[in-house]
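The exercises that follow concern charged side chains and the contacts between them. Please work through each task before reading its solution.

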Amino acid sequence: MSARFKHQPPKALDEDETEFLEKLETSKREYERQMADEEAQQLQSFQAAQYLRHSLQLYMRLRKHS
């Protein structure tokens, strides 16, 4: 690294850079929210299917013994 760059403080972000980073962060948060919503929906669907399967098995056992 050359001597002339060693002691320069980092430059401040300009308006365009700041706006870009804010949009990037917003997009990242939206993507993460969508992934969490999708995961929650999949879990809910799985739990409903498990409940239905268990209920059907119980119904069949009760019907068999009636």
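A salt bridge is counted where a side-chain nitrogen of Lys or Arg lies within 4 Å of a carboxyl oxygen of Asp or Glu. The model is a predicted one, and it holds 5 salt bridges.

**Exercise 1.** Determine what joins R33 to E30, and where in the structure the two residues lie.

*Solution.* Begin with the distance: the closest N and O atoms of R33 and E30 are 2.6 Å apart, and because the cut-off is 4 Å, the pair forms a salt bridge. Next, place the residues: both belong to helix α2, where 3 residues, about one turn of the helix, separate them. Salt bridges with shared partners then link E30 and R33 with D37 in one network. Finally, consider accessibility: R33 is partly exposed at 43%, and E30 is likewise partly exposed, at 33%.

**Exercise 2.** Describe the contact between E19 and K23, and decide how each residue is classed by relative accessibility.

*Solution.* The side chains form a salt bridge with an N to O distance of 3.1 Å. Both residues sit in helix α2, which spans residues 15-64, and their spacing of 4 residues corresponds to about one helical turn. As exposed means over 50% relative accessible area, K23 at 53% is exposed, whereas E19, at 35%, is partly exposed.

**Exercise 3.** Identify the residue with which R29 forms a salt bridge, and give their spacing along the helix.

*Solution.* The partner is E25, with 3.6 Å between the closest N and O atoms. R29 and E25 are 4 residues apart in helix α2, or about one helical turn. E25 has a relative accessible area of 35% and is therefore partly exposed.

Note on methods: Residues are numbered from 1 along each chain as its sequence is written. This is a predicted model: local features need pLDDT of at least 70, side-chain atom pairs count only at pLDDT 80 or more; totals for chains, interfaces and linings use all residues. Side-chain values use heavy atoms; hydrogens and water are left out. Buried means under 20% relative accessible area, exposed over 50%, partly exposed in between (1.4 Å probe, protein chains only).
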